[in-house]
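Please walk through this structure with me, from a pair of helices to its aromatic rings.

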Amino acid sequence: MVIIALLLVVAAVLIGTAPLFFVRNVEPLPLDAAPYVRAEDVGATVYNLAVFFTVLVAATAIIYIFFTRRKWLNLLLYFIWFVLAVGVVQFYTILYYWSGLLNEDVAVKLMWASLLVGFLTVAAIHKRRGDLLLGFLGSLAGAMMVQLLPEMTVVALLVALPVYDYLMVTRGLLGSLIRKSKEAAGGGVPAGGDTPLFGFVVRLKAMSLGVGDFVVYAMALTYITVRLYTYGFVALLALVAGAALIYVGLRLTVRVFLRRWGYGPALPLPMLMLLPLIAAAWLA
């Protein structure tokens with residue numbers, strides 16, 4: 001299941017970067033990334049990071065508060081996934097239309113179809129199904145972020161998020177949420193089993209991964225592919241190698257963290273494995 005999940009991440013990256021390979025001279029999308037600033041300087045990067053982590057910490061705190069209020073947590077979950085599913089479909093419709101890979105008639109139909117995708121996603125969550133769908137949508141969102149955010153901000157996030165993940169899981173609210181989730185499920189729940197945090201995590205047979213992990217994996221692989229696409233086949237080789245390195249990092253995560261605590265951060269070791277490729281892409 002982990003391999004299947006990573007294949008979905010790769011598929012999302014290919015969807016996000018395909019216009020570069022087929023069209024080459026794709027103009028920047030006419031989309032506003034507010035409240036983020038589209039600038040490649042230190043001040044803008046610090047501001048963008050502050051906005052991103054403020055929203056992230058606030059969202060985590062809200063989930064923590066709502067954890068014992070199941071009705072409110074479910075409503076929050078439905079809202080988030082409806083907006084995300086609709087937004088992702090509409091973004092890629094605009095991307096492919098702007099690149100000349102979709103005609104106007106098909107693009108309009110897909111924009112309306114995005115609402116159906118949103119409702120179907122919410123229905124899957126309500127029935128506690130569709131884990132891989134959530135991982136795929138999260139991966140598409142990660143690839144989308146590379147298109148919308150400045151390059152310096154993307155790289156800064158790829159460096160900062162693994163540190164944030166480690167601290168929040170081992171000493172912060174994420175760790176508390178995971179422990180509360182295990183207690184609510186009666187403790188001793190096998191990795192990948194049912195969890196009160198379903199919708200925020202993707203259940204796999206061997207383990208569970210946060211949706212945010214899919215977002216960051218896709219961000220990293222998309223960034224590497226975008227930076228190297230002018231080298232043609234090399235970019236695709238780097239994408240496959242990057243997915244393999246994430247897999248190795250996850251295997252190490254199981255040995256280092258899961259066997260010790262029963263849970264652990266899924267970003268630090270995979271992203272550490274990816275660091276040489278990210279650095280090579282940055283310098284390319």
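A crossing is left-handed if the near helix is turned anticlockwise from the far one by less than a right angle, and right-handed if clockwise. Helices are DSSP runs (H or I, at least four residues), numbered from the N terminus. The model is predicted: local features need pLDDT of at least 70, side-chain atom pairs count only at pLDDT 80 or more, and totals for chains, interfaces and linings use all residues. Residues are numbered from 1 along each chain as its sequence is written, and side-chain values use heavy atoms, leaving out hydrogens and water.

Start with α6 (residues 151–171) and α8 (residues 211–228). Their axes come within 11 Å and cross at roughly 145°. Axes are lines fitted to C-alpha atoms over the stretch in contact, and angles run from 0 to 180 degrees between N-to-C directions. The crossing of α6 and α8 is left-handed. Helix α6 brings residues including Val154, Leu158 and Leu161 to the contact, and α8 brings residues including Val216, Met219 and Tyr223. Contact means heavy atoms within 4.5 Å.

Now the rings. The whole structure holds 7 aromatic pairs. Phe52 and Phe53 form an edge-to-face pair, because their ring centres lie 5.5 Å apart with planes at 80°. Rings of Phe, Tyr and Trp (its six-membered ring) pair if their centres lie within 6.5 Å; planes under 30 degrees apart count as stacked, over 60 as edge-to-face and the rest as tilted. Phe52 is buried, at 15% relative accessible area. Phe53 is buried too, at 16%. Buried means under 20%, exposed over 50%, partly exposed in between (1.4 Å probe, protein chains only). Ring pairs join Phe52, Phe53 and Tyr164 in a cluster.

Technical notes
Helix = DSSP H or I, 4+ residues; strand = E, 2+ residues; numbered from the N terminus.
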